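Welcome! Please take a moment to look over the sequence and the 3D structure below, and then we will walk through it together.

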Amino acid sequence: KSSSRKPPNPHHRYFFSCSPLLMCTFRNRRVPPDSCCCSDRALEQSGLGQLGVGLAQMLRKQYGTDNVILSDIKKPPPDVYKSGPFVYADVLDYKLLRELIVNNRITWLVHYSALLRPVGEANVALARKINITGLHNVLDLALENCLRLFVPSTIGAFGPSSPRDPAPDLCVQRPRTIYGVSKVHGELMGEYLHHKYGLDFRCLRYPGVISVNTTPGGGTTDYAVQIFHDALSTGHHECYLRPETRLPMMHISDCHRATVEFMQAPECQLTLRTYNIAAMSFTPEEVAQEIRKHLPHLKVTYNPDVVRQSIADSWPVRFDDSNARRDWGWTPAYGLEELVTDMLDSIQNKRTNQGLPVS
Ligand SMILES: NC(=O)c1ccc[n+]([C@@H]2O[C@H](COP(=O)([O-])OP(=O)(O)OC[C@H]3O[C@@H](n4cnc5c(N)ncnc54)[C@H](O)[C@@H]3O)[C@@H](O)[C@H]2O)c1
């Protein structure tokens, strides 16, 4: 691969300061893995969203608290602020990001910044800025500074003309939301810069991620979090999708582990730059049935929302993640049964600690 790459032109926008060959030698771990781990320092952008804090915890356990810097544009809650380094960083501020990367000798960049589907559709111009201009900022910085760059993608990167059961890694992708379009753009830009300049770009298409700490915000997979809260509070959930709507889902700890394992995978093992990862696929009716094994009184009614139902109908019902399993050993730990038990236990504990009743 390296022999087909042209040497970087220093006058070109994508000039970077170490050669692709040197970078490959380092990334393929011809140096001992331990010395790589010791020198890795990560900057996690937009780390105060649903996924960021948990990923930082997992990375800090392995790489040391001070080697993982969280950033966002909002004020961190006290426990997050006390748990390790935090800095303000707007993904649209190129100079500030560059300063952070240089001053902190960053080697890994986790780019979590994005306006997700509901917010993006409500403000397309801002979504274009954050999801596309922001991504270009980090791509340029990753090239300039020889960073390993992780950017998540989503089931929303597929569209009505994509194969749905299962959706393979490589297929037609014509999403009809600005969120999906910007994610496909990211997948393609990262792959292009990898092949042209050797950028160590890594991307996973996450399924709907389920966690106790998510505040449902109008997303298409949010019902799969809300149903647990409703089961333990009122005992009644009104679902905005039809009962048979099947979508790929994943427990948040599997999502974090997949991300860390993928970032650690030696580059020589990767045959793709963007992989699907899967754990389970279920329908509202199936998750309700599983919850009823613990809470038999749960009542679910269905009132499909036209927008969210049509989006769900255009997304894959299952991901084919066989390439991830083969190339870097991906295996999920949580199936539907384990997910339901864990969510009910965690929400029950949370409600009890907050002094709220549990039905
Ligand atoms: N949560 C999921 O189920 C899921 C599924 C698939 C992919 N993803 C991807 O994972 C990533 C993280 O998702 P999430 O659920 O944590 O998102 P989130 O919406 O919970 O958080 C996004 C964060 O971005 C920050 N942000 C907004 N504008 C910014 C700016 N200009 N500069 C810097 N930060 C800014 C916000 O303050 C917020 O903390 C996203 O790229 C998303 O597309 C998430």
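## Strand β7 and its partners

Strand β6 (residues 153–154) and β7 run parallel, joined by two bridges. One place to look is Ser153, whose bridge partner in β7 is Arg205.

Strand β5 (residues 148–150) also runs parallel to β7, and three bridges join them. Here Leu149 has Phe201 of β7 as its bridge partner. Then there is strand β11 (residues 274–276), likewise parallel to β7 and joined to it by three bridges. In β11, Asn276 is the residue that stands opposite Arg205.

## How enclosed is β7?

Strand β7 covers residues 200–206, and seven of its seven residues are buried, so the strand is largely enclosed by the rest of the structure. You can check this face by face. On one side sit Asp200, Arg202, Leu204 and Tyr206, and on the other Phe201, Cys203 and Arg205; all of these are buried, so to speak of β7 is to speak of a strand covered on both faces.

In soluble globular proteins, nonpolar side chains tend to be buried together. In this model, the largest nonpolar core has 82 residues, and the members that touch the most others are Leu109, Ala142, Leu149, Ile210, Ile227, Met249 and Ile277. Helix α9 (residues 223–232) supplies the largest share of this core, with seven residues. Another core lies apart from it and has eight residues, including Val91, Ala114, Ile130 and Val181.

Which residues does Leu109 contact, leaving aside its neighbours within four places in sequence? They are Leu43, Val138, Ala142, Leu147 and Leu149.

## Around the ligand

The ligand is surrounded by 23 residues, and the closest of them are Ser46, Gly49, Gln50, Ala114 and Val209. What kinds of residue make up this shell? It divides into 12 nonpolar, eight polar and three charged residues.

## How confident is the model?

The average pLDDT of the chain is 90, and 89% of the residues score at least 70. Over residues 1–37, however, the pLDDT is below 50, and this stretch has 43 contacts in the model beyond near neighbours in sequence. Where pLDDT is low, the predicted coordinates should not be read in detail.

Notes: Residues are numbered from 1 along each chain as its sequence is written. This is a predicted model: local features need pLDDT of at least 70, side-chain atom pairs count only at pLDDT 80 or more; totals for chains, interfaces and linings use all residues. A residue is near a molecule or strand if its C-beta atom, placed from the backbone, lies within 6 Å of it. Ala, Val, Leu, Ile, Met, Phe, Trp, Tyr, Cys and Pro count as nonpolar, Asp, Glu, Lys and Arg as charged, and the others, Gly among them, as polar. A residue is buried if 20 or more other C-beta atoms lie within 10 Å of its own, exposed if 12 or fewer, and partly exposed in between; C-beta atoms are placed from the backbone. Helices (H or I, at least four residues) and strands (E, at least two) are DSSP runs, numbered from the N terminus. Two strands pair if DSSP finds at least two bridges between them. pLDDT is the predictor's confidence in each residue, from 0 to 100. Two residues are in contact if their C-beta atoms, placed from the backbone, lie within 7 Å. A nonpolar core is a set of buried Ala, Val, Leu, Ile, Met, Phe, Trp, Tyr and Cys residues joined through C-beta atoms within 7 Å.
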